[in-house]
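Trainee: I have a new model open and I'd like to learn how to read it. Where do we begin?

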Amino acid sequence: MLTFLLIFHIAMGTIGIISGFCVIAIKKGSALHKRIGRVFFITMFFMGLSGCLVAWVKHIPLSMLNGGLVCYLVLTALMAMRRNTATLSN
């Protein structure tokens, strides 16, 4: 199980980095930008979650905290983005 979690964690991190660079390169507000931004959000969230699980299995408390922090930061960024979008449309 640990091997699967590590492979999943690395895959999510790799896809997250690639999609992050793509989002930066694409015009902000376009449909493609939004679609790749969703990919970035999902991969970063699951990378943080799988990092928490790997740290829990290996008994590394600080890394569990780091994975939780990644999840928190990604979720709050999503909330901030959705709030700005809702206020801008009014």
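Mentor: Let's begin with a term: two residues are in contact when they have heavy atoms within 4.5 Å of each other. Keep in mind that this is a predicted model. Now take the contacts in the chain with a separation of 6 or more: residues 24 or more positions apart account for 57% of them.

Trainee: And which elements does the chain have, in what order?

Mentor: From the N terminus on, they run α-α-α. That's 3 helices and 0 strands. The C-alpha trace spans about 50 × 25 × 15 Å along its principal axes.

Trainee: How do I read the length of a helix, say α1?

Mentor: Compare its reach with the expected value, at 1.5 Å a residue. Helix α1 covers residues 2-25, and from first C-alpha to last it reaches 35 Å, close to the expected 34 Å.

Trainee: Which residues of α1 are buried?

Mentor: Here's the general idea: an α-helix has 3.6 residues a turn, so residues three or four places apart point the same way. In α1 the buried ones are Leu 5, Met 12, Gly 13, Gly 16, Ser 19, Gly 20 and Val 23. Part of their cover comes from α2, residues 31-58.

Trainee: Can we look at one of them? Why does Ser 19 count as buried?

Mentor: Buried means under 20% relative accessible area. Ser 19 has 6% relative accessibility, so it counts as buried. Leaving out residues up to four places away in sequence, Ser 19 touches Ile 36, Val 39, Phe 40 and Thr 43.

Trainee: What about the outside? Which residues form a nonpolar patch on the surface?

Mentor: Ile 42, Phe 46, Leu 49 and Leu 53 do, with about 320 Å² of accessible area together. Phe 46 sits in helix α2 and is partly exposed, at a relative accessible area of 35%. For the chain as a whole, the accessible surface comes to about 6500 Å², and carbon and sulfur atoms hold 76% of it. Of the 90 residues, 23% count as buried.

Trainee: One last thing: what should I look for in backbone angles?

Mentor: Most residues other than glycine have a negative phi. His 59 has a positive phi of about 60°, although it is not a glycine.

Trainee: Where is His 59 found, and is His 59 buried or exposed?

Mentor: Look in the loop between α2 and α3, the latter being residues 61-88. His 59 counts as exposed because its relative accessibility is 66%, and the cut-off for exposed is over 50%.

Methods. Residues are numbered from 1 along each chain as its sequence is written. This is a predicted model: local features need pLDDT of at least 70, side-chain atom pairs count only at pLDDT 80 or more; totals for chains, interfaces and linings use all residues. Side-chain values use heavy atoms; hydrogens and water are left out. Helices (H or I, at least four residues) and strands (E, at least two) are DSSP runs, numbered from the N terminus. The expected span of a helix is 1.5 Å times one less than its number of residues. Buried means under 20% relative accessible area, exposed over 50%, partly exposed in between (1.4 Å probe, protein chains only). Patches are made of residues with over 30% relative accessible area and no salt bridge: like charges are joined within 9 Å, nonpolar side chains (Val, Leu, Ile, Met, Phe, Trp, Tyr) within 5 Å. Accessible areas come from the Shrake-Rupley method with a 1.4 Å probe; for residues, only the protein chains shown count as cover. A salt bridge is a side-chain nitrogen of Lys or Arg within 4 Å of a carboxyl oxygen of Asp or Glu.
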